[in-house]
Amino acid sequence: MVSTKQERVTEIVADHAGREGPLLPILHDVQAAFGCVDAETEALIAAALNISRADVHGVVSFYHDFHAAADPRPEVQICRAEACKARGVEALIPAAEKAAAGRVKLTTVYCLGLCSAGPSARTGDRLHARLDSAGLVEVIENAR
Amino acid sequence: MIIRISDDALARALGADELAAAFASKGHEVHRTSSWGMHWLEPLVEIAGMGFGPATLDDVDAILDGTSPKAIGEIVEHPFIARQQRLTFIRAGRTRPTSLEDYERTDGWTGLQRARRIGGERIVEEVIQSGLRGRGGAGFPAGIKWKTVAGTPGAQKYIVCNADEGDSGTFADRMVMEGDPYALIEGMAIAGEAVGATQGYIYVRSEYPDAIRKLNEALRLCAGIIAPFRCEVRVGAGAYVCGEETSLLNSLEGKRGEVRAKPPLPAIEGLFGRPTVVNNVLTLAAVPHILAEGGAARYEALGMARSKGTMPIQLAGNIRHGGLFETAFGITLSELVYDIGGGTDSGRPVKAVQVGGPLGAYIHPDEFDIAFDYEAYTAADALIGHGGITVFDDTADMGAMARFAMEFCAAESCGKCTPCRIGSVRGVEILDRIRAGGREADSVEVLPVMHNAPKTGRLPEQEVALLTDLCETMKFGSLCALGGFTPYPVMSALKNWPEDFMPGREGAVRKVLDRNDA
């Protein structure tokens with residue numbers, strides 16, 4: 001298992017060889033492949049790019065999109081920024097949490113750019129807008 | 001019959017794909033176009049210039065046989081569209097986003113061709129003449145920035161497009177990238193021509209998957225046209241602060257998105273220490289029009305005072321007619337919110353409007369006669385920012401919104417400077433204490449050795465004085481706009497709606513604020 005992970009990381013790093021500032025694109029690919037960027041992977045990336053593990057860890061821990069441990073649950077992102085608050089997203093949260101009930105991971109994001117038609121949510125690359133309580137619950141129940 | 005339906009992310013989030021499939025299954029040719037920007041009507045179906053929206057699957061048959069009650073008449077005649085002066089969004093609703101054929105048919109690439117003929121020096125001159133200012137928020141004259149980069153020696157220079165549109169209430173960058181990606185790319189190629197840069201980067205936030213996909217496709221299709229200029233999409237990783245230009249450059253370099261101290265300016269030492277133009281999507285997308293024959297003079301003729309040209313204004317939040325409204329500078333908030341936006345979507349009275357995203361001031365309806373102009377807003381202790389307008393109805397708790405502003409700053413602070421990193425956390429705590437009616441003296445303060453500590457706890461008005469002081473420190477001591485502008489929403493909410501902080505004791509809040517002004 002360790003060797004396959006190492007192979008995959010080496011492959012990803014090789015895909016980005018020759019690019020300027022390749023660390024973020026590499027981390028995105030690693031996050032997509034393994035669902036996280038753990039300490040072991042940080043070390044592999046650091047070795048491949050000839051930078052320190054601290055450098056890689058500093059970057060991984062800075063950005064909200066990279067996680068130290070994988071979460072097998074499906075994720076639903078709910079926008080809770082100003083425009084969605086103005087359209088009443090906060091009132092939907094209790095029902096959303098009840099529907100998620102530990103099966104679905106609910107994350108707060110600040111703005112999906114659908115600010116004229118909130119409340120909005122995202123599952124994978126699929127966006128949902130003009131959600132009411134029932135609509136959001138349906139999105140959460142259908143999240144796989 | 002040709003059916004036109006937008007493939008903008010907002011339309012897709014509201015079921016445009018399913019609708020398009022339904023029309024296609026009935027044997028019609030469906031063209032996926034950019035969005036007209038009338039978001040309350042999305043998904044909007046267009047047949048021979050006539051619009052139907054917001055359409056659902058149940059409306060398909062009625063739309064086809066002409067009996068649909070969702071008909072809005074001719075789209076270009078709709079008051080929301082007819083009142084606009086569209087330059088940056090001239091193609092919105094009219095073209096298929098990644099179709100090179102559509103782009104060329106609508107005067108695409110003519111700005112770049114002319115730019116190549118007239119050369120770098122005259123391009124810069126024309127951009128200066130147009131009066132174009134950076135649309136990201138700071139409003140710095142684009143031509144002056146370009147001139148600095150052009151005049152700085154360097155074997156490799158860069159054009160960086162800031163597409164990290166993190167402000168809530170803004171979506172114009174997204175609509176350009178998804179609806180008219182070639183306009184942005186053409187603007188970047190022109191900037192490259194002007195300053196002698198051959199490499200461009202578009203830094204897009206990861207929350208915009210559709211924009212990333214379309215930009216990549218557009219760049220693949222037009223690589224031969226923009227050559228020798230090359231351009232690449234880079235995806236952000238969920239950090240709001242990366243919308244700040246120096247933080248964005250660090251992120252592009254593969255570092256933590258921490259803000260850099262200025263100077264050196266990015267124009268002189270930018271990406272990888274090389275001369276770099278960093279401009280917002282809207283700034284760059286306005287450039288092809290300016291570089292068209294006579295474009296600079298036409299652009300300069302629009303607007304007011306030192307705010308020239310048009311601004312794509314985004315009507316968001318609790319507003320009936322939300323969407324994209326591009327017009328010359330000078331329009332008032334009252335026109336935008338009531339005449340064009342139709343008031344709140346909930347039908348309740350408007351309580352507050354936040355202009356310029358999470359770092360913008362909350363403006364009271366009494367001040368809605370303020371003209372949309374960089375200097376007028378600065379004078380009123382507010383900012384235009386990226387042109388987003390978020391409307392709140394009378395159910396909004398402005399004390400909670402002020403707290404959220406501090407909370408957001410704490411969550412998104414890059415951590416480099418103390419006023420922002422620590423100040424935002426302390427700000428949340430102070431706001432909680434104000435709203436809780438002050439606090440008791442704590443266990444350390446009551447110790448006999450603490451001779452100078454107050455023994456009686458703090459009144460909420462004393463906490464208000466502390467908050468005012470903290471906001472001053474953040475405003476003048478922070479490295480970038482995140483910490484520096486968070487005081488705007490907080491203090492404007494406190495000033496305009498003291499009853500949401502200390503119910504029944506508004507007078508006490510005003511007294512503290514007045515003392516501070518004096």
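1. On conventions, residues are numbered from 1 along each chain as its sequence is written, while chains are lettered from A and ligands numbered from 1 in the order in which they are written. Since the model is predicted, local features need pLDDT of at least 70 and side-chain atom pairs count only at pLDDT 80 or more, whereas totals for chains, interfaces and linings use all residues.

2. Chain A holds seven helices and four strands, where helices (H or I, at least four residues) and strands (E, at least two) are DSSP runs numbered from the N terminus. Their order along the sequence of chain A is α-α-α-α-β-α-α-β-β-β-α, and the C-alpha trace of chain A spans about 50 × 30 × 25 Å along its principal axes. Of the 144 residues in chain A, 39% are buried; a residue is buried if 20 or more other C-beta atoms lie within 10 Å of its own, exposed if 12 or fewer, and partly exposed in between, with C-beta atoms placed from the backbone. Among the contacts in chain A with a separation of 6 or more, 59% come from residues 24 or more positions apart, a contact being two residues whose C-beta atoms, placed from the backbone, lie within 7 Å.

3. The four strands of the sheet in chain A form an open arrangement in the order 2-1-3-4, with mixed pairing; two strands pair if DSSP finds at least two bridges between them. Strand 2 (105-109) and strand 4 (126-128) of chain A are the edge strands, each pairing on one side only, and the twist averages 25 degrees from one strand to the next. Helix 7 (residues 133-142) of chain A packs on this sheet, where it touches strand 1 (75-79), strand 3 and strand 4 of chain A, and its direction makes about 15 degrees with that of strand 3 of chain A. For such angles, axes are lines fitted to C-alpha atoms, for helices over the stretch in contact, and angles run from 0 to 180 degrees between N-to-C directions. Strand 3 (residues 121-123) of chain A runs antiparallel to strand 4 of chain A and is joined to it by three bridges, with Arg122(A) opposite Leu127(A).

4. In helix 2 of chain A, the buried residues are Leu23(A), Leu24(A), Ile26(A), Leu27(A), His28(A) and Val30(A). After helix 2 of chain A comes Gly35(A), with a positive phi near 75 degrees.

5. Where the chains meet, chain B gives 47 residues to the contact and chain A gives 33 residues. On the side of chain B that touches chain A, the elements giving two or more residues include helix 12 (245-252), strand 12 (310-317) and strand 16 (388-393) of chain B.

6. Chain B contains an open sheet of five strands in the order 13-12-16-14-15, again with mixed pairing, and its edge strands, strand 13 and strand 15 of chain B, each pair on one side only. Strand 12 and strand 13 of chain B form a hairpin with five residues between them; the two run antiparallel and are joined by six bridges, and Met311(B) stands opposite Thr327(B). Five of the six residues of strand 13 (residues 323-328) of chain B are buried, so this strand is largely enclosed by the rest of the structure. Strand 14 and strand 16 of chain B pair in the antiparallel sense over five bridges, with Gln354(B) opposite Thr390(B). Helix 15 (residues 333-340) of chain B lies across strands of this sheet, among them strand 14 of chain B, to which it runs at about 125 degrees.

7. Helix 17 of chain B is mostly covered, with 11 of its 15 residues buried, including Met398(B), Arg403(B), Phe404(B) and Glu412(B). The buried residues of helix 17 of chain B pack against elements of chain B that include strand 14 (350-355), helix 18 (418-435) and helix 21 (487-496).
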